[in-house]
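Have a look at the sequence and the model below. We will walk through a few parts of it together, one step at a time.

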Amino acid sequence: MKDGIKELQVLLKDTLDEDRYVHTIGVAYTAASMAMCHGADVDKAFLAGLLHDCAKCYTNDEYLQICKEEGVPISVFEYENPFLLHAKLGAHYAKKKYGVDDTEILSSITYHTTGRPDMSLLELIIYIADYIEPGRRVLPHMETIRALAFSNLNKCMVLILENTIGYLKEKNRPIDQITNDTYEFYKKQVS
């Protein structure tokens, strides 16, 4: 596995721009650390972290075109906000280009941007690691969110989703219904 990971890192370094690659490495190591803390599979978390943004190198028009060509389903919301397709396309590429057939890894890549209600442990880890990795700019409540990432995943999700939804509303940007549903789900979990 370690040799395969090294090869994958070289491939990703050639595919992604420098900032995205640094972010990817940060997510992979953060996810592995969280996996150790929460009793998840460390290798799967590292691999999912490495691949979570493997398709984040296209324009919006390219996302739509490639997803149509590859048979990746596109929701109405994604047609209007194609940048979200990097998650679904990333899961597709993880399977097709990088040979990952683990459904939990693929699902964690698929939902790392929108989330979904009742996420698996690995899905939670990748979603949160993407938000908190050390290279991320500091967002509101980041210190608390980073602490919760290692102590209470449900509370961590609520704070992240409150920040995300608040930011999108402030910027007058649309919010995918699945993100709202995810927030409502985790809000109920912590109350």
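**A walk through the model**

Tyr58 is partly exposed, because its relative accessibility is 24%; here buried means under 20% relative accessible area, exposed over 50%, and partly exposed in between, using a 1.4 Å probe and protein chains only. Before going further, note that this is a predicted model, in which local features need pLDDT of at least 70 and side-chain atom pairs count only at pLDDT 80 or more, while totals for chains, interfaces and linings use all residues. Residues are numbered from 1 along each chain as its sequence is written, and side-chain values use heavy atoms, with hydrogens and water left out.

Which ring does Tyr58 pair with at 70° between the planes? The partner is Tyr93, with the ring centres 6.4 Å apart, so this pair is edge-to-face. The rule is that rings of Phe, Tyr and Trp (its six-membered ring) pair if their centres lie within 6.5 Å; planes under 30 degrees apart count as stacked, over 60 as edge-to-face and the rest as tilted. This pair links distant parts of the chain, 35 residues apart: Tyr58 is in the loop between helix H3 (42-51) and helix H4 (60-70), and Tyr93 is in helix H6 (residues 85-96). Helices here are DSSP runs of H or I with at least four residues, numbered from the N terminus. Tyr93 is buried, because its relative accessible area is 8%.

By the ring rule, the count comes to four aromatic pairs. In one of them, Tyr58 and Tyr63 have ring centres 5.7 Å apart and planes at 80°, so they too are edge-to-face. Tyr63 is buried, with a relative accessible area of 3%. Together, ring pairs link Tyr58, Tyr63 and Tyr93 into a cluster.

Now let us turn to a pair of helices. Helix H7 (residues 103-110) packs with helix H8 (residues 121-132) at an angle of about 40°, and their axes are 8 Å apart. These axes are lines fitted to C-alpha atoms over the stretch in contact, and angles run from 0 to 180 degrees between N-to-C directions. Where do they meet? On the H7 side are Glu104, Ile105, Ser107 and Ser108, and on the H8 side are Leu122, Glu123 and Ile126; contact means heavy atoms within 4.5 Å.

Staying in H8, we find Asp130. Is Asp130 buried or exposed? Asp130 counts as buried, because its relative accessibility is 11%. Its side chain makes a polar contact with the side chain of His23, at 2.8 Å. Such a contact is a pair of N or O atoms within 3.5 Å; within protein, one must be able to donate a hydrogen and the other to accept it, and residues adjacent in sequence count only if both atoms are side-chain atoms. Leaving aside neighbours within four places in sequence, Asp130 is in contact with His23, Val27, His52, His112 and Arg136.

Next come two backbone angles. Most residues other than glycine have a negative phi. Asp118, which is not a glycine, has a positive phi of about 55°. Asp118 lies in the loop between H7 and H8 and is exposed, with a relative accessible area of 51%. His141 has a positive phi as well, near 65°, and lies in the loop between H8 and helix H9 (142-148).

Asp118 also leads us to our last stop. Not counting residues up to four places away in sequence, Phe185 touches Pro117 and Asp118. Phe185 is found in helix H11 (residues 177-190) and is partly exposed, with a relative accessible area of 22%.

Notes
Helix = DSSP H or I, 4+ residues; strand = E, 2+ residues; numbered from the N terminus.
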